[in-house]
Amino acid sequence: MQHQDLPSDYFPMVIQFIVAVGFIATTMVATHLLGPKRKSKIKLESFECGIESQGNARIPFSIKYFLVAILFVLFDVEVIFMYPWAVNFKELGTTGIAEMFVFMVLLLTGFYYIIKKGALKWE
Amino acid sequence: MLSIAGIANSIHQWLNETFSSGWATLLEFVLVGILVISFFAFLGLVLVFMERKVSAYMQLRVGPNRVGYKGLAQTLADTIKLVVKEGLTPDGADKFLFNFAPFLVLIASMLLMAPIAFAKDFQIWDINIGVLYITAISSISVIGVLMAGWSSNNKYSLLGAMRSGAQIVSYELSAGLAIMTIVILAGSIRLSDIIASQENGWWIFKGHIPAIIAFVIYIIAVTAETNRAPFDLAEAESELTAGFHTEYSGMKFALFFLSEYVNIFIVCAIGATLFLGGWMPLHIGHWEGFNHIMDFIPSSLWFMGKTFFLIFLIMWFRWTFPRLRIDQLLNLEWKYLLPISLFNLLLVTFIALMGWYF
């Protein structure tokens, strides 16, 4: 049996986080101080291969990307569900396997529906 | 024998003898912080140089060979150049998000460095949820990428960020499922337990068919997750100039670049840990003589050798396969890799229950 997990076990992560933030902040400030600052209106325009930029970039966008993101959320949650089972599946035995099999069949049914519905079809 | 763990232990002892335990712990944290940052910078320099040399030799060129001995100082010179360049923030950009995005991307890759075991008994943070921690933290970087693309107010950046977001989240599923096959075989998600379970053979050999399928899927998925060719749609130079970091310049660009290369190292290190035994030397069954010879090679060399072999493999892909289109890319993941990895998971469960692995 492993020892009880304490919140203090996660302390190294906090340290690592502080180190990371410190490192990035230092480089950002350093480059701000070291670099030249010569700004002009044309220089600050957004880059469009040398042609004058046309309008705003924040325009309506293909819904397909959003669909993929939603599908990811669905499937990723399923994958997270499987982790506890994957660690303990030997103790759970055949019942666990059967339950996981049912779970996967349900998942794949939904997956089949998505494919047939054409959610991943790009023209 | 001189080993990294031995050096770390003697430093720990010396600090505890010289200072009180509180100060010693604090000093250790400072030391580890400095080590991580220098390792980070060193990795960036080495990997960029390696990428340029590998690319050059694959195209029958010589690559950088002027600065320093055989061009070794080339990337260092490039870094110095990038530091003293002007970091522009374009007029139309969302200033806060624009400057916040590099933080997020780099913090994600720095946090991922913590649970990796670099050598025998040498690990910054041996957490009991190691694998879960890695999958969780690695998904943060996509937020940074989307943030960078959207805040730039540039059409190329937005397109690149959207593509990269869709791609990273899709391929994360297969990578997670491939990792899970090893979790099933090893029966633990603590990284040191997974390495210890490979003492008499690496999982790619012991787990035979399902482990090899999982390994192939893992390599494909991480190539896509790190936005490497042939899946480099996010920054396809010929169509989107530089994708989500088109508007970044100077050190801000360098931070994205650095995190990209460090991410390659990290995914390869995790692949080496899960499938190729981490720092475990190559052992063949009960062949004592051979195993003893292999034990003489330091564990850190084993780990680095395996990791850099995988990195070389990923660099090799870049010059072998043509770039995919976004619909082909998503089809590959959702219609092929995801079902295959789900079935592979069932297969590995079956094999593990029957005990049909070594």
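**Exercise 1. Find the residue just after α2(A) that takes a positive phi, and follow the helix back from there.**

Step 1. Helices are DSSP runs of H or I with at least four residues, numbered from the N terminus. This is a predicted model: local features need pLDDT of at least 70, side-chain atom pairs count only at pLDDT 80 or more, and totals for chains, interfaces and linings use all residues. Residues are numbered from 1 along each chain as its sequence is written, while chains are lettered from A and ligands numbered from 1 in the order in which they are written.

Step 2. Check the span. α2(A) covers residues 63-117.

Step 3. Look for a bend. α2(A) bends by about 120 degrees at A:L92. The bend is the angle between axes fitted to the seven residues ending there and the seven starting there.

**Exercise 2. What do the buried residues of α2(A) pack against?**

Step 1. Buried means that 20 or more other C-beta atoms, placed from the backbone, lie within 10 Å of the residue's own. Buried residues of α2(A) include A:F72, A:F75 and A:F111.

Step 2. Chain B supplies the partners: α7 (155-186) and α15 (326-354).

**Exercise 3. How far apart are the centres of the two domains of chain B?**

Step 1. An automatic or database domain assignment sets the bounds. Domain 1 is 1-84 and domain 2 is 88-354.

Step 2. Over C-alpha atoms, the centres are 21 Å apart.

Note on methods: Helix = DSSP H or I, 4+ residues; strand = E, 2+ residues; numbered from the N terminus. Expected span 1.5 Å × (residues − 1). Buried ≥ 20, exposed ≤ 12 C-beta atoms within 10 Å, placed from the backbone. Contact = placed C-beta atoms within 7 Å.
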